[in-house]
Amino acid sequence: MFSRHQKALAVLIDPEDTMPGASMTQLMEVVNACGAAYVFVGGSLVTHNHTDAVVRAVKQQTDKPVVLFPGGLNQLSARADGILFLSLISGRNPEFLIGKQVAAAPLLKKLGMQIIPTGYLLIGEASSASYMSNTQPIPYDKTAIAVATALAGEMLGHRVIYLDAGSGAPQPVPAAMIKAVRQAVKVPLIVGGGIRSFDAAYAALEAGADVIVVGNAAESNPTVLNDIAGAIKTFGSLNIHK
Ligand code: 1GP
């Protein structure tokens with residue numbers, strides 16, 4: 001679903017913050033108009049079982065692929081086009097490396113959606129994701145550890161590497177780290193967390209991100225997506241990938 005040859009924007013909808021309704025409709029109008037390639041759905045802490053209703057509402061409002069980015073087993077939906085089948089390889093918590101995946105696999109097999117094996121790295125400071133997963137993120141300046149971890153993820157068979165500074169991160173993943181990981185692995189690279197502006201998006205893309213993920217900034221001000229999509233356009237691609 002992801003490509004190393006065309007840069008793309010994914011907009012993240014956290015079902016804890018955005019339910020079907022006026023604010024989702026407003027967000028989806030901008031998502032459709034700005035040329036985002038994907039909608040991701042998921043969150044670190046979702047306290048209800050309405051993810052399916054959120055995915056249904058999103059699918060009613062866009063034809064872009066909807067990809068689950070689940071923080072837990074209560075965030076699955078048969079209506080999604082695919083799932084980032086995450087293994088939290090920056091951490092050492094077996095539940096998030098393999099435990100939840102074992103619990104989810106039989107159900108996912110029945111649902112038949114595209115499974116995207118994803119080596120997931122939390123970067124930077126403590127975040128909701130690091131807290132909820134009981135794992136330590138890789139510090140912003142420990143580039144060599146991020147590179148070694150991403151390499152191990154690729155060697156283990158992950159098809160995508162996702163560097164995430166965490167939702168609402170004060171600083172995005174540093175360009176130097178993205179660049180070093182990009183040089184080390186061949187698989188597509190997703191980068192997210194704290195990307196709120198054209199400049200931050202441009203820096204991540206220039207450093208080698210193939211897909212940038214924007215959540216919080218779009219939830220609080222959907223029109224920022226137009227600026228961020230502009231950063232994608234400067235790299236000559238704004239496309240929907242299947
Ligand atoms: C978090 O990468 C995503 O998992 C998006 O982060 O909400 O900060 O954009 P933001």
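Predicted model: local features only at pLDDT ≥ 70, side-chain atom pairs only at ≥ 80, totals over all residues.
Residues are numbered from 1 along each chain as its sequence is written, and side-chain values use heavy atoms, with hydrogens and water left out. Helices (H or I, at least four residues) and strands (E, at least two) are DSSP runs numbered from the N terminus.

**Arg 4 and Asp 210**

- Arg 4 sits in the segment before β1 (8-13), whereas Asp 210 belongs to the loop between α7 (198-207) and β8 (211-214).
- Asp 210 is buried at a relative accessible area of 3%, and Arg 4 is partly exposed at 39%, where buried means under 20% relative accessible area, exposed over 50% and partly exposed in between (1.4 Å probe, protein chains only).
- The side chain of Arg 4 reaches the backbone oxygen of Lys 186 at 3.3 Å, and a polar atom of the Asp 210 side chain lies 2.8 Å from the backbone nitrogen of Leu 189; a polar contact is a pair of N or O atoms within 3.5 Å, in which, within protein, one must be able to donate a hydrogen and the other to accept it, and residues adjacent in sequence count only if both atoms are side-chain atoms.
- With contact meaning heavy atoms within 4.5 Å, and with residues up to four places away in sequence not counted, Arg 4 touches Arg 182, Val 185, Lys 186, Val 187, Pro 188 and Asp 210.

- Asn 93, in the loop between β4 (82-88) and α3 (94-111), is buried with a relative accessible area of 15%, and its side chain reaches the backbone oxygen of Ser 133 at 2.8 Å.
- Beyond residues up to four places away in sequence, Asn 93 touches Ser 133, Asn 134 and Thr 135.
- Asn 134 lies in the loop between α4 (128-133) and α5 and is exposed, with a relative accessible area of 65%.
- Most residues other than glycine have a negative phi; the phi of Asn 134, however, is positive, near 55 degrees.

**Ile 123**

- Ile 123, in the loop between β5 (114-122) and α4, is buried with a relative accessible area of 0%.
- The C-alpha atoms of Ile 123 and Ala 165 are 4.6 Å apart in space, and the two residues are 42 residues apart in sequence.
- Leaving aside neighbours within four places in sequence, the contacts of Ile 123 include Pro 137, Tyr 140, Leu 163, Val 173 and Met 177.

**Helix packing**

- In helix α2 (residues 51-61), the buried residues are Thr 51, Val 54, Val 55, Ala 57 and Val 58.
- Because these residues cover an arc of only 165 degrees around the axis, they are on the same side of α2, the arc being that of the directions from the helix axis to the C-beta atoms.
- The buried residues of α2 pack against β1, α1 (22-34), β2 (38-41) and β3 (66-68).
- Helix α5 (residues 143-155) and helix α6 (residues 175-184) pack at an angle of about 35 degrees with their axes 9 Å apart, where axes are lines fitted to C-alpha atoms, for helices over the stretch in contact, and angles run from 0 to 180 degrees between N-to-C directions.
- Among the residues that meet are Ala 146, Val 147 and Leu 151 in α5 and Met 177, Ala 180 and Val 181 in α6.
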